[in-house]
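I opened this notebook to record what I looked up in the structure, entry by entry.

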Amino acid sequence: MYLYLYIIFFTLCLYGILYYITIKHDNFKKRNLNNEYYIQSFINLIIACCIILIVCSNKDTLFSTTNTISLKNMIFYIIVADMFYYWFHRITHRTPILKTLIHLTHHNSFNLLPLDVLYVNVIEFFLYTTITNFWPILISDISLIEYLIVSFILFVHTIYLHSESTHTFLIPLFTDSKCHKNHHQIGGGNYSFLSIWDDYMRTNIKTKKIKKQQNNKIKNNKIKNNKIKKNT
Ligand SMILES: [Zn+2]
Ligand SMILES: [Zn+2]
């Protein structure tokens, strides 16, 4: 009983902090947020807290029993979680019906706010939270404390991604705010929260631009060569 009260209190405090940094953000006046925005983001926060509660209450079956904190375990977990997130996010973008029905909710504005992290279609948020929380635990050998530390880092990073900050993130390899802004504004890339998968799959927006420029160059050269051939 006390645990549930604690979770409700924790959820309210977390939402209060997110709400506060959102209304203090420069973009807040550019957005006309309605009740639906606040209700949906609050429901998603409850979903996230419930999933973490379910995970924690099954700690004996899900987690390793070691009490030490291993950096290796945490890095492995983040890489696996990012792999699932990358493919889930990419599929929602590349499948028109999924994009229209569920993913566009999160993309409804170019002026990002920290609370946008929770402004996601409820079905998508549930799937995304389940996929990035349960599946990596099953593959990795992570302990409960390591999982809680990693979850905290990932949550702070997603808030940072929606803050339009000009500073880079404290931890190397995590994508910066500008990168996610490009995802919202230009689209078609920058799907993951680490730079590894987008670099490897060549879906980072910078690479795509360079690729486009190179293709245009090749195309122009071909046209030029054809013209020369015709003239000679
Ligand atoms: Zn997206
Ligand atoms: Zn976003």
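How many residues does helix H4 have, and how far does helix H4 reach from its first C-alpha to its last? I worked from a predicted model throughout, and in it helix H4 covers residues 71–94, which makes 24 residues, with a reach of 34 Å that is close to the 34 Å expected at 1.5 Å a residue.

**Entry: the chain as a whole**

I then stepped back to the whole chain, where I found 10 helices and zero strands, so that the pattern read along the sequence is α-α-α-α-α-α-α-α-α-α. The C-alpha atoms fill a box of roughly 85 × 45 × 35 Å along the principal axes. Of the 232 residues in the chain, 24% are buried. I also noted that, among contacts with a separation of 6 or more, 65% are between residues 24 or more positions apart.

**Entry: the buried residues of H4**

I listed the buried residues of H4 as Tyr-77, Ile-78, Ala-81, Asp-82, Tyr-85, Tyr-86, His-89 and Thr-92. I kept in mind that an α-helix has 3.6 residues a turn, so residues three or four places apart point the same way. When I asked what these buried residues pack against, I found H5, H6, helix H7 (144–161) and helix H9 (195–200).

**Entry: H4 with H7**

On the H4 side I found Asn-73, Met-74, Tyr-77 and Ile-78, which meet Glu-146, Ile-149 and Val-150 in H7. The residues of this contact divide into five nonpolar, one polar and one charged.

**Entry: H4 with H6**

For H4 and H6 I noted axes that come within 9 Å and cross at roughly 150°, again with a right-handed crossing. Tyr-77, Val-80, Ala-81, Phe-84, Tyr-85, Phe-88 and Thr-92 in H4 meet Glu-124, Tyr-128, Ile-131, Thr-132, Trp-135, Pro-136 and Ile-139 in H6. I sorted the residues of this contact into 11 nonpolar, two polar and one charged.

I turned to helix H2, residues 35–57, and checked its length: at 1.5 Å a residue its 23 residues should span 33 Å, and its end C-alpha atoms are 33 Å apart, which agrees. The buried residues I found in H2 are Ser-41, Asn-44, Leu-45 and Ala-48.

H2 packs with H6 at an angle of about 25°, the two axes lying 10 Å apart, and that makes H2 roughly parallel to H6. H2 passes H6 in a right-handed crossing. Gln-40, Ile-43, Asn-44, Ile-47, Ala-48, Ile-51 and Val-55 in H2 meet Val-122, Phe-125, Phe-126, Thr-129, Thr-130, Asn-133 and Ile-137 in H6. I counted the residues of this contact as nine nonpolar, five polar and no charged.

**Entry: Asn-133**

Leaving aside neighbours within four places in sequence, Asn-133 is in contact with Ile-51 and Val-55. Asn-133 and Ser-151 are 18 residues apart along the chain, and their C-alpha atoms are separated by 8.4 Å.

**Entry: Tyr-147**

Tyr-147 is found in helix H7 and is buried, with 24 other C-beta atoms within 10 Å. Not counting residues up to four places away in sequence, I found that Tyr-147 touches Phe-63, Ile-137 and Ile-142. From Tyr-147 to Asn-73 I noted 74 residues in sequence and 9.2 Å in space, C-alpha to C-alpha.

**Entry: Leu-112**

Where is Leu-112 placed? I found Leu-112 in the loop between helix H5 (96–101) and helix H6 (122–139), and Leu-112 is buried, with 20 other C-beta atoms within 10 Å. Residues up to four places away in sequence aside, Leu-112 touches Asn-27, His-162, Glu-164, Lys-181 and His-184. Leu-112 and Leu-154 are 42 residues apart in sequence, with 18 Å between their C-alpha atoms.

Definitions and conventions. Residues are numbered from 1 along each chain as its sequence is written. Chains are lettered from A and ligands numbered from 1 in the order in which they are written. This is a predicted model: local features need pLDDT of at least 70, side-chain atom pairs count only at pLDDT 80 or more; totals for chains, interfaces and linings use all residues. Helices (H or I, at least four residues) and strands (E, at least two) are DSSP runs, numbered from the N terminus. The expected span of a helix is 1.5 Å times one less than its number of residues. A residue is buried if 20 or more other C-beta atoms lie within 10 Å of its own, exposed if 12 or fewer, and partly exposed in between; C-beta atoms are placed from the backbone. Two residues are in contact if their C-beta atoms, placed from the backbone, lie within 7 Å. Ala, Val, Leu, Ile, Met, Phe, Trp, Tyr, Cys and Pro count as nonpolar, Asp, Glu, Lys and Arg as charged, and the others, Gly among them, as polar. Axes are lines fitted to C-alpha atoms, for helices over the stretch in contact, and angles run from 0 to 180 degrees between N-to-C directions. A crossing is left-handed if the near helix is turned anticlockwise from the far one by less than a right angle, and right-handed if clockwise. Angles under 35 degrees count as roughly parallel, over 145 as roughly antiparallel, 65 to 115 as roughly perpendicular and the rest as oblique.
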